[in-house]
Amino acid sequence: MTEALVLGGGGVAGVAWTTGLLAGLADAGQDVSGAELIVGTSAGSTVAAQLGSGLGLEELYARQVEPGLQAVEIMAEVDLAGLGSGVAAIVQTAASALEIRRAVGRLALEADTVPESERRAVIESRLPSHEWPARTLKIVAVDAESGEPRVFEHTSGVSLVDAVAASCAVPGVWPPVTIGERRYLDGSVRSHANADYAAGASRVLVVVPMGQLSLLPSEKPLAGTVEELRVCGAAVAVVEPDEASRQAIGVNALDPSTRRPAAEAGRAQGRGLEIKWKKA
């Protein structure tokens, strides 16, 4: 039986909450951190890479809640209203999900952000190890020009830091990441979980810090993808934040101050959660 763990996007709060949730599940005797396949998108790519670093869940949890161990983050100065209206305008005028991704890519390429090198240093600080893990890890990003998804693996010839940085490159907030002659942005632009890349696994746990609704129209919305996985024989469970966790994550998941409360809420939720696997 192949077990897959699908970790969705959600900013620094999503990294913390997911880490707390996984630690809480382990506390409750439901440790899923050893899954043979991990699909990571945006914040989920950070957690996925951390799980393969050799550190245990307790150590990873401590890196979220103890100030002296926390990664160095940049406080994002985001005009959420302006960014939201810009994306809304794109959604209204674009004819397809691919056109939406291309338009979002243009927005990202034109945005005034911190330099790539400064943002890359943040990702380096987040990852305890910069080596690809032995298990199968798929990190999802989107080509900023073509709008096509790119799945990075250990065979891709791309450093783990660059792959995670690309998957975490929130459009309009962080710079698209240069890899070779292409530039890449947040994999959440395609799907906030990209659970379809877990196809073939017999059991799939999908963790979505921002809930089940897609941020943008997608060819692979989560509900439909989960149903497809189940029809193909997989037992699938989806976990999203409960009310206490949503409150802890707050309205700006990019705010580094959310890390401790989000991690603590995630751990409390995980301890009280019984994973409900469901087949078609």
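Me: Is Tyr-184 buried or exposed?

Reply: Bear in mind that this is a predicted model. Tyr-184 has a relative accessibility of 5%, so it counts as buried, the cut-off being under 20%.

Me: How many aromatic pairs does the structure hold?

Reply: It holds one. The pair is made by Phe-152 and Tyr-184, with ring centres 5.4 Å apart. Their planes are at 80°, so the pair is edge-to-face, since over 60 degrees counts as that.

Me: Where do Phe-152 and Tyr-184 lie?

Reply: Phe-152 is in strand S4, residues 149–152, and Tyr-184 is in strand S6, residues 182–186. The pair therefore ties together parts that are 32 residues apart in sequence.

Me: And Phe-152, buried or exposed?

Reply: Buried, as its relative accessible area is 0%.

Me: New topic. Which residue lies over the face of Trp-277?

Reply: Arg-203 does, at 4.4 Å from the ring centre. Elsewhere, Arg-267 lies over the face of Tyr-61, at 4.6 Å from the ring centre.

Me: Now helix H1. What span should its 17 residues have?

Reply: H1 covers residues 11–27 and should span 24 Å, at 1.5 Å a residue. Its end C-alpha atoms are 24 Å apart, so the two values agree.

Me: How many residues of H1 are buried?

Reply: 15 of the 17, so H1 is largely enclosed by the rest of the structure.

Me: What comes just after H1?

Reply: Gly-29 is found there, with a positive phi of about 80°.

Key
Residues are numbered from 1 along each chain as its sequence is written. This is a predicted model: local features need pLDDT of at least 70, side-chain atom pairs count only at pLDDT 80 or more; totals for chains, interfaces and linings use all residues. Side-chain values use heavy atoms; hydrogens and water are left out. Rings of Phe, Tyr and Trp (its six-membered ring) pair if their centres lie within 6.5 Å; planes under 30 degrees apart count as stacked, over 60 as edge-to-face and the rest as tilted. Helices (H or I, at least four residues) and strands (E, at least two) are DSSP runs, numbered from the N terminus. Buried means under 20% relative accessible area, exposed over 50%, partly exposed in between (1.4 Å probe, protein chains only). A charge sits over a ring if NZ of Lys or CZ of Arg is within 6 Å of the ring centre and within 35 degrees of the ring normal. The expected span of a helix is 1.5 Å times one less than its number of residues.
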